[in-house]
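Okay, thanks for coming, everyone.

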Amino acid sequence: MILSLSQCLPHTTYLSKPLPTSKLTTANIILNYTLVSFKPLHLGNNHTRCHAVTDLSSAPSLDQSKGEGDDRTFLVGPSSEEENKGDRIVADYNWTEEWYPLYLTKDVPGDAPLGLTVFDQQLVLYKDGNGVLHCYQDRCPHRLAKLSEGQLVDGRLECLYHGWQFEGNGKCVKIPQLPADAKIPRSACLKTYELRESQGVVWVWMSQKTPPNPEKLPWFENFARPGFQDTSTIHDLPYDHSILLENLMDPAHVPISHDRTDWAAKREDAQPLLFEVTERTDRGFAGRWGKEKDGSMPNFLRFDSPCVLQNNRELVDKNGEKHYFSGLFLCRPTGQGKSMLIVRFGGTKRSPFEKIFPKWYLHQNGCKVFEQDMGFLSSQNEVLIKEKVPTKELYLNLRSSDTWVAEYRKWMDKVGHGMPYHFGHGTISPPKVPAVVEHAPAGLIAGVSASSPAKGGTATMHAPNLANRYFRHVIHCKGCSSVVKAFTAWKNGLSAAALVFTALAILASSRQWKTFLLVSATFCLGGVHACSTAIAMNTTNFIRVHRRL
């Protein structure tokens with residue numbers, strides 16, 4: 001669901017820190033932004049060669065041999081001499097030795113722990129009494145209860161099963177059931193994870209063996225430019241992070257899938273695109289793209305390991321002033337068949353949409369964009385899991401639309417051996433264990449509890465469900481959560497006022513008072529309708545009108 005903001009994404013200098021992490025190609029439909037330019041990061045390529053796995057290389061590749069004659073001229077072909085020969089390049093890679101985006105700093109709850117995952121590794125994030133963030137394994141050492149289901153007591157994290165309490169360094173400081181003369185066991189401590197806050201995002205280092213590498217922490221130069229402003233949202237999504245990333249780097253689908261979602265996407269604009277790969281490393285790739293009919297490639301896309309994508313562009317206005325625009329996508333692999341995405345659109349010149357519409361409206365429009373792609377991507381995810389073959393046996397990648405997708409899957413061929421599972425262009429490593437599915441509790445009280453602990457829900461209708469907009473976005477966004485609560489309060493208040501005015505109108509003897517009270521009740525009911533509409537916009541999924549459910 002990469003929305004391509006009016007194909008106006010300039011180039012942004014990725015960042016000065018050693019490990020590249022900026023990228024993205026099209027996601028712009030939410031706000032009309034352009035992007036900035038990147039300075040390529042040159043990282044060492046430590047790879048060894050090995051022959052392609054025989055059981056996967058025996059079948060013909062779509063991009064090399066599917067179709068005859070002229071077909072090969074418009075399909076994505078081999079991108080290196082090694083690939084052409086059937087050799088495989090393997091890079092040193094360990095998925096734990098990376099920084100993963102956990103959450104937007106501004107949206108971390110201050111009054112309750114937050115449960116998150118990275119490749120199904122369960123984590124708990126919280127702020128102590130001094131506002132300092134801490135991250136542990138989401139497991140109480142007593143009897144394995146989830147600490148994210150606990151609470152904060154005097155800045156300490158308390159397990160709600162038996163009341164054990166833990167301080168910032170993971171040390172257990174209270175066990176209510178322990179005799180007064182007994183000492184707390186040293187083993188009653190938590191496994192901790194290193195955190196860093198950078199440019200409004202909380203990042204976690206997943207390795208327990210290797211010290212954090214600060215050079216790998218992403219830094220985005222455009223976001224540090226004077227006057228740069230951005231609109232940031234966060235979304236839980238029901239499909240694999242690799243499906244999400246290839247969707248975000250696919251500008252060709254935007255005019256069709258997101259037709260008229262905003263003024264930038266129109267299906268009649270679907271057309272061949274130009275792509276040029278300017279950099280390939282063990283940690284990702286970068287390049288430029290644009291419309292074939294324009295004959296130029298003003299947009300700069302960059303993907304950096306493990307899950308950072310940025311699309312940038314720079315524009316010069318009529319006064320000769322240069323403006324930078326960025327679409328940044330930070331994708332966290334939460335687990336099999338699910339992911340969490342932080343979307344950040346910004347620029348040194350504000351979009352007129354930001355001045356007209358409130359942020360909650362822009363957020364719900366962004367939710368709509370993801371919902372427009374959700375059915376395609378979920379089914380795509382299912383096919384990859386069931387078929388158990390590389391994407392070259394399933395995809396028909398066109399040079400004029402799918403170059404970035406092919407590059408991404410080929411990158412996974414290089415590093416997939418260092419991931420829990422992967423689906424590459426020519427190799428695969430399916431998940432070794434079944435996906436973890438967490439079901440919401442049953443019953444009215446359990447439903448309320450499930451929908452409104454740390455981040456605040458408003459009703460049992462919002463039970464945990466990644467297909468539900470409320471659960472995918474609102475509970476993770478303090479702004480939208482507050483808006484829903486405010487509109488709900490106004491709706492209830494206006495409903496009560498309408499009843500009072502109606503009752504008084506019945507009792508009133510004067511025709512003038514009856515008219516006044518009934519008109520007042522009518523205005524209140526209009527307000528109730530407006531509030532209900534706003535609540536529905538924030539919590540109701542978009543469904544295409546042609547679908548018959």
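Take alanine 145: its relative accessible area is 18%, so it counts as buried. Keep in mind that this is a predicted model.

Staying with alanine 145 for a moment, you'll find it in the loop between strand S6, residues 133–137, and S7. What does alanine 145 touch, not counting residues up to four places away in sequence? The list is Asp138, Arg139, Cys140, Cys159 and Tyr161.

Now the overall picture. The protein has 549 residues, and 52% of them count as buried. There are 13 helices and 21 strands. If you take the contacts with a separation of 6 or more, 67% come from residues 24 or more positions apart. The accessible surface is about 24,900 Å², and carbon and sulfur atoms hold 55% of that.

How far do we trust it? The mean pLDDT is 82, and 78% of the residues reach 70 or more. Two stretches to flag. Residues 1–69 stay under 50 in pLDDT, although the model has 345 contacts beyond four places in sequence for them. Then residues 439–462 are also below 50, and that stretch has 37 contacts beyond near neighbours in sequence. Where pLDDT is low, the predicted coordinates should not be read in detail.

On to the charged pairs. Side chains of opposite charge can pair when their charged atoms come close. How many salt bridges does the model have? The count comes to 17.

Here's one I like: glutamate 246 and arginine 409 meet through their side chains, N to O at 2.9 Å. Glutamate 246 sits in helix H5, residues 241–248, and arginine 409 in helix H9, residues 403–415, which puts the partners 163 residues apart. Are they buried or exposed? Both glutamate 246 and arginine 409 are buried. That goes with what we see for H5: 8 of its 8 residues are buried, so the helix is largely enclosed by the rest of the structure. Besides Glu246, the buried residues of H5 include His241, Ile243 and Leu248.

A second pair is glutamate 279 with arginine 302, again a salt bridge at 2.9 Å, N to O. Glutamate 279 and arginine 302 are both buried.

Glutamate 314 and lysine 322 form a salt bridge at 3.8 Å, N to O. Glutamate 314 has 25% relative accessibility, so it is partly exposed, and lysine 322 is partly exposed too, with 39%. There's also a salt-bridge network, linking Glu98, Lys216 and Arg283.

Next, helix packing. Two packed helices are described by the angle between their axes and the distance between the axes. For helix H8, residues 359–387, and helix H13, residues 511–539, the axes come within 8 Å and cross at roughly 45°. That makes H8 oblique to H13. Which residues meet there? On the H8 side it's Trp360, Tyr361 and Gln364, and on the H13 side Ala534, Met537 and Asn538.

Serine 305 and proline 306 are joined by a cis peptide bond, with omega about 0°. Proline 306 lies in the loop between S16 and strand S17, 308–316.

Then two positive phi values in residues other than glycine. Aspartate 154 has phi near 55°, in the loop between strand S7, 151–153, and strand S8, 156–158. With 77% relative accessibility, aspartate 154 counts as exposed. Lysine 388 also has phi near 55°, and its loop is the one between H8 and H9. Lysine 388 is partly exposed, at 47% relative accessible area.

That's my tour, so over to you.

Note on methods
Residues numbered from 1 in each chain as written. Predicted model: local features only at pLDDT ≥ 70, side-chain atom pairs only at ≥ 80, totals over all residues. Heavy atoms only, no water. Salt bridge = Lys/Arg side-chain N within 4 Å of Asp/Glu carboxyl O. Helix = DSSP H or I, 4+ residues; strand = E, 2+ residues; numbered from the N terminus. Buried < 20%, exposed > 50% of the residue type's maximum accessible area, 1.4 Å probe, protein only. Contact = heavy atoms within 4.5 Å. Areas by Shrake-Rupley, 256 points an atom, 1.4 Å probe, with all protein chains shown as cover. pLDDT = per-residue confidence, 0-100. Axes fitted to C-alpha atoms, helices over the stretch in contact; angles between N-to-C directions. Parallel < 35°, antiparallel > 145°, perpendicular 65-115°, else oblique.
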